[in-house]
Amino acid sequence: MRHPGTAADTIVIGGGMVGASIALGLVLRGHRVTVLDEGDRALRAARANFALLWVQSKGAGAPAYFNWSRMAAAAWPDFARQLEAMTGIVLHLSQRGGLTLALSGAEMDHLATRSARIACDQGSDFPHEMLDHSQTRALLPAIGPDVVGALFSPLDGHLNALALFHALHRAFGRSGGHYVPASPVRTITPTKTGTFILDTPHGYRECERVVLAAGLDNTRLAPMVGLHAPITPQRGQIMVTQRLPPFLDYPTNALRQTDNGSVLIGNSQDTVMTRQPVDLEIDAVMADRAIRSFPCLQAASVVRSWSCFRVKSPDGMPVYDHSTLWPGAFVASCHSGVTLAPNHTGLVCDAIHTGIIPPIMQAFSASRFTLTAASRS
Amino acid sequence: MTSSGLPDDTVHDVIIIGAGPAGLGVAAVTAGAGLLTLVLDENMHPGGQIYRAASHSPFPQGQVLGKDYWRKGTRMIRRAYASGAHIIPRAIVWGITPDHVVMARVDGQPRRFAARCVVLAGGAMERPFPIPGWTLPGVMTVGAAQTMLKASGVVPPAPMVIAGRGPLIWLLAAQYRRAGQDIAAILITAADRQWWKGLAALPFFLLSGDAWYGLRLLASAVMHRVPVHRGVMSIRAEGTACLEQVRWSGKNGQDKVLPARTLLLHHGVVPNPNLAMALGVPHVWDRAQASFRPAPAGTADYPDGIVCVGDGAGIGGSRLAALGGRMAGQAIVAARGRSRRNLLNWLHSVSMRARIALARRGRMFVDCMFRPASHFRQPADETVICRCEGVTAGQVRSAAHEGCIGPNQAKAFLRCGMGPCQGRLCGLTVSDLIAQTRDRDPADVGYLNQRLPARPATLGDMAAMPAGTAAIRAVTPG
Amino acid sequence: MTDRSRFRRIVAPAGPRITFTLDGRVLEARLGDSVAVAMMLAGYPACGSLPPTGRVRVPYCLMGACHECLVRVDGRSMHQACLLPVRTGMCIETDLNGHGS
């Protein structure tokens, strides 16, 4: 069954942080956009992330990625204001800087080396500081004696990611976008006339442009349109505590206090595709590290824990590509959908709109993976 | 050392969570067959809800609380102890690992117990009954009134109004009458429009043991001098800092007001699903009971070594729970090769199966008769439906219009289900509201995803859990 | 003359009299009561307040489901008062009036 009369010129597959950002950007550029999304229980990075706006760990050895992230961070304040004005949803953006705590000399060394590498790379302007214990304490008075020091960068911050997610969807809907949930895409078939036919459980849909923003499912869909989106899924687990009186003025990469007072604890990374949604042993190790970082948390109660899969490419950088085989098909894949949201609504949509990938995005083509493989053979 | 005197690393043959009729039913059988059996219960004493504090109630034996409570309750508890089961009260279970280590907070301290298999017998909870003003001090559940009566001999402030639908209302009313306590009024809400569908099960209900008990309750209800109003269509709790009056209307739509300091609400009970769901037990929508319950054992993806019994596996009442518990106990004993196969045991097992089948069929009658009218499950827009986060029914409906097809997306947008109760008091309402707004079946809409910890656990308690190298590697940077 | 407009006992309690403190106030209870029932009998049922509206939390289900009765006990937070037996000298704090935060 076809869907006549709802011909979109663009279909975005995936209604997560990346899909919703791109869909919004396109609808604001005058496209007729339909977002096809999964059901309520799908694996969704968008509902499960840590809500960091984070640059300090990005792009060591890959200046293009650092610059891409830096650009996004700089665009965030205006982006937040516009989105809040469009939707009435407050994002609670706070961008006063962020820290990565080191609980050992080895961790300090690792942070210092990585930061130096980012700073030395050509074209990178990376304001940051390595802090000793007492300097860290000046910013975060609640740290424990086990904290050796920290990396600080003024570029970083955090926000309410669920509010962002809600705002993107609301803005999209209010701007005339069409959102279709419970509509996973089985296949994409390019036609000789340059359109694409998508097979969904509710019938076929045809469009002139298709954007693959389906997170983990991009790997399966990409080859159908001559694209490549390799993903090494990496599981992350998070715990959230009861609401606590404010005691953390800055977010850290593994622990932050939200606008409602609860503390999010995270940053685990494992590749086991376990059936278990929450691994209590990982919670235990994260809890231990959280208490060593902030001893006052010993008595705080965890009220929820969850996990999700980060959409990580083999080198951790995003994948943005326009299909040369089937022009009109694009793929957008990354694990930093929150930080990069302004770019996704901005430059990435320009690229989709014009069909031209600008130089700043060319480093993110998936050809970097096949080229490496080819140069090895 | 556990309070049973066994070392902490003891691997129990079976750990049962919940010391109500089902849990103690399992325990009596498995412990009686010589299996090392541990029962963990969050309350101060065993007995579950229905037989709460039966061994420790301040009421003199036989008084006020009813024959069933005194005879069956005390007997059940005595049997469980006599069988050799270890019972640890005041144990709040928050997690179970894949290899069946049970994590609990016992008397405020973190404890771990290992088992070969775990029986979930955590029972039921009150069906959420959100009405405007239900968060006012003075509004509680009928279950809460029974708890304070049985365990402490305490009654709430008068004037008292009881509202809702279901046999427990009549049980409480009978207990209050025996105790000389006045009730200002009983408001019985309108039946579900399809209540008559249960009539086909009436013969089975009459044949099952429950009918006699039901008749006694009904008789005591008739003996009331309490004003009873039926066909109630709407209820509001009103007051400034606390409850001052109850406003209600019947089928004619006219508002009536009753001064009250206490309003006790009850719309039946539903399985308390959080722990079972967090462990990955698949759940299904039970149309007759209008709630989610565990899928039958043997369903695909059912986690190994987990058994669900009692009201937590599907509402059936205490009699069915006790029977089901004993059957499950026998299955566990058989799986260990410890059954004594003889004609007597076989006959007994057949008889139990038959009684369970009969009780289940008869239950349909009760389920349909006492199911609340659907508009109470889908309250008016202004009603707060998530108490923890203050989310209203109207907000859930708007989110459903905005594209939320299920409770998890609604939770992401609205925070309903993110509070400490983990959706126990709002989960069913959120699913029902989305189902109504999108004209779908709750079976298709689904329920809030549940995750461990199933109860709040301190970071200190969680950090005390042993962790393997894989977990350490997953968290430690570098 | 019993004041029927309060929570009250209608049968002689089983346990002996003990005292506990609630937000600094010394109150009487009986061994065997839960903290929630002890607070209601003493006339102080409020367990805390809830953001964002600041509404007062009081026990609702008394069976461990609603989590409205969460209080701080002897310095440790998030105990359900309805499941906790009151003990002599127990120090209970709600988060009302600046206590126990």
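In the predicted model, the C-alpha centres of domain 1 and domain 2 of chain A are 30 Å apart. The domain assignment places residues 8-49, 163-230 and 314-376 of chain A in domain 1, and residues 234-310 in domain 2. Domain 1 of chain A contributes 6 residues to the contact between them, and domain 2 of chain A contributes 5 residues. On the side of domain 1 of chain A that touches domain 2 of chain A, 4 residues are nonpolar, 1 is polar and 1 is charged.

One residue of chain A, A:P190, was examined individually. A:P190 belongs to strand β9 of chain A, which covers residues 187-190. Within 10 Å of A:P190 there are 19 other C-beta atoms. A residue counts as buried at 20 or more such atoms and as exposed at 12 or fewer; A:P190, with 19, is therefore partly exposed. When neighbours within four places in sequence are left aside, A:P190 is in contact with A:F196, A:V225 and A:W326. A:R289 lies 99 residues from A:P190 along the chain, and the C-alpha atoms of A:P190 and A:R289 are separated by 50 Å.

Chain B is assigned three domains: domain 1 (11-125 + 270-339), domain 2 (128-267) and domain 3 (378-445). Taken over C-alpha atoms, the centres of domain 1 and domain 2 of chain B are separated by 28 Å. The contact between these domains involves 12 residues of domain 1 of chain B and 13 residues of domain 2 of chain B. The domain 1 side of this contact in chain B consists of 5 nonpolar, 4 polar and 3 charged residues.

An open sheet of 3 strands was found in chain B, with the order β13-β14-β15 and antiparallel pairing. Its edge strands are β13 (234-238) and β15 (255-259) of chain B, each of which pairs on one side only. With direction ignored, neighbouring strands of the sheet are turned by 20° against each other on average.

Strands β13(B) and β14(B) run antiparallel and are joined by 5 bridges. Within this pair, B:I235 has B:W248 in β14(B) as its bridge partner. The hairpin of β13(B) and β14(B) has 6 residues between the strands, and B:G239 takes a positive phi near 160° in this hairpin.

Strand β14 of chain B (residues 245-249) is also joined to β15(B) by 5 bridges, and these two strands run antiparallel. Two bridge partners in β15(B) may be named: B:V257 is the partner of B:R247, and B:D255 is the partner of B:S249. The hairpin of β14(B) and β15(B) has 5 residues between the strands, and here B:G253 takes a positive phi near 80°.

In a regular strand, side chains alternate between the two faces of the sheet. Along β14(B), B:V246 and B:W248 point to one face and are buried.

The largest nonpolar core has 297 residues. The residues with the most contacts inside this core are A:I13, A:V210, A:L212, B:V119, B:I162 and B:V396. For B:V396, the residues touched include B:I385, B:V391, B:A410 and B:L414, not counting residues up to four places away in sequence. B:C416, B:V430, B:L433 and B:I434 are also touched by B:V396. Another core, of 7 residues, lies apart from the largest one; B:A201, B:F205, B:C368 and B:F370 are among its residues.

In chain C, 5 strands form an open sheet in the order β3-β2-β8-β6-β7, and the pairing is mixed. The edge strands of this sheet are β3 (25-30) and β7 (76-80) of chain C, and each pairs on one side only. The twist from one strand to the next averages 40°. Strands β6 (residues 70-73) and β8 (residues 91-93) of chain C pair in the antiparallel sense over 2 bridges. C:V73 has C:I92 in β8(C) as its bridge partner.

Contacts between chain C and chain A involve 5 residues of chain C and 6 residues of chain A. On the side of chain C that touches chain A, 2 residues are nonpolar, 2 are polar and 1 is charged.

Definitions and conventions:
Residues are numbered from 1 along each chain as its sequence is written. Chains are lettered from A and ligands numbered from 1 in the order in which they are written. This is a predicted model: local features need pLDDT of at least 70, side-chain atom pairs count only at pLDDT 80 or more; totals for chains, interfaces and linings use all residues. Two strands pair if DSSP finds at least two bridges between them. Helices (H or I, at least four residues) and strands (E, at least two) are DSSP runs, numbered from the N terminus. Axes are lines fitted to C-alpha atoms, for helices over the stretch in contact, and angles run from 0 to 180 degrees between N-to-C directions. Domain bounds come from an automatic or database domain assignment. Two residues are in contact if their C-beta atoms, placed from the backbone, lie within 7 Å. Ala, Val, Leu, Ile, Met, Phe, Trp, Tyr, Cys and Pro count as nonpolar, Asp, Glu, Lys and Arg as charged, and the others, Gly among them, as polar. A nonpolar core is a set of buried Ala, Val, Leu, Ile, Met, Phe, Trp, Tyr and Cys residues joined through C-beta atoms within 7 Å.
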